[in-house]
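Trainee: I am new to this structure. Please take me through a few features.

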Amino acid sequence: MATARESARRSTKQGAEPHVGIPNDQLLKMYRDMVLTRRVTDRMIALQRQGRVAFFISGQGQEATQVGVTHAIKRGTDWVFPYYRDQGVCIALGMTARELMLDLFGKAEGPCSHGRQMPSHFGHAALRMVSGSSPVATQTLHAVGCALAAKLRGLPEVCITSLGEGSTGQGDFHEAMNFAGVHKLPVIFIVENNGYAISQPQSKEMAVKDVADRAAGYGFRGSVVDGNDIMAVYQTTRWAVEEARRGHGPSLVECKTYRIVPHSSSDDDRRYRTRKEVEEWVKRDPIDRFQKYLLGAGILSEETDEQMRAGIEEEVTDAVRYAEQAADPDPAEALKHVYAHQPTGFP
Ligand SMILES: Cc1ncc(C[n+]2csc(CCOP(=O)(O)OP(=O)(O)O)c2C)c(N)n1
Ligand SMILES: [Mg+2]
């Protein structure tokens, strides 16, 4: 498994820039996106515990994967088909804290579905992020269809789709992989391997150690990367995206990570994993790790960090206030976009 430090060592020897070629201002933006994601999701967990929203599902622990992948694409050109845990993808793509809170509260102004879907079915037309369905892995087929369209039209667009490792057992995923391989489509499958599908550990989900091995069965590249090392994730995804744009077909990138919180606000993870295991992973928190790296490299100072975090607190507080007071959707509009002609029997 390649880490960013190893890759950076290799690149430096070849005369490339340090920090895997990422300019300092972008490194700082990546860090800010991770911290903002964590603070937004912290607040979302609290809102659910306070009974102010019904349900929440968090990507905490997976921020390096989500932010690293999103920084590696061409935002505004490439298409994104995320999954329910991808708050970090949304933020790195350009969704604001307000927009994420509007989605959580199911408000009319929410960009994902204007209050029609459950929260966490992320979508944003202006950012080329396509909303998905609740059955896991269905978004992989949507991404493949979009990649086929890009190829047929000769457009330099790449499609990125993400899913959990448990969802790679679904038929949809294998159909998507097969079609992408046969037609050499510009699509990247990002597997956020957090070791569990709700209560089921990976050993009960599949008989292979690495999901990446599955790509060979469909005739394309599969890479394993340390999903808690943002620069390694960035570098591996960047390469996959460039290959896809050159017409060299799909890739699968497996990011090994961990969710440090329960599956959702309805889950009690004490029933299937030990506190010790969770604590070990908390010690490897991807945000602390990147913070240490940036401080050590002199890219971030303690003072800038504090100022940045204070700004984020204000942004998140403003987002909650704004979204909670925003208008609910109009029930009379519930069927808008569902039928071309309103069926009889509805008010
Ligand atoms: C087809 C289908 N089966 C079952 C579910 C219920 N379900 C929702 S999330 C989930 C676990 C998925 O695990 P994984 O793919 O590893 O993603 P993670 O939640 O760990 O990020 C399941 C079984 C569903 N949404 N769709
Ligand atoms: Mg999982």
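Trainee: Which residue follows α6, and what is its phi?

Mentor: G154 follows α6, with a positive phi near 70°. Helices here are DSSP runs of H or I of at least four residues, strands are E runs of at least two, and both are numbered from the N terminus. This is a predicted model, where local features need pLDDT of at least 70, side-chain atom pairs count only at pLDDT 80 or more, and totals for chains, interfaces and linings use all residues. Residues are numbered from 1 along each chain as its sequence is written, while chains are lettered from A and ligands numbered from 1 in the order in which they are written.

Trainee: Which residues of α6 are buried?

Mentor: Buried means that 20 or more other C-beta atoms, placed from the backbone, lie within 10 Å of the residue's own. In α6 these are Q139, T140, L141, A143, V144, C146, A147 and A150. They pack against β1 (79-81), β2 (159-164), α7 (171-182) and β3 (187-193); contact means C-beta atoms, placed from the backbone, within 7 Å.

Trainee: Which residues are closest to ligand 1?

Mentor: A residue is near a molecule if its C-beta atom, placed from the backbone, lies within 6 Å of it. Ligand 1 is surrounded by 16 residues, the closest being P135, G164, G166, S167 and A197. β2 and β4 (196-197) each give two or more residues to this shell.

Conventions:
Buried ≥ 20, exposed ≤ 12 C-beta atoms within 10 Å, placed from the backbone. Contact = placed C-beta atoms within 7 Å.
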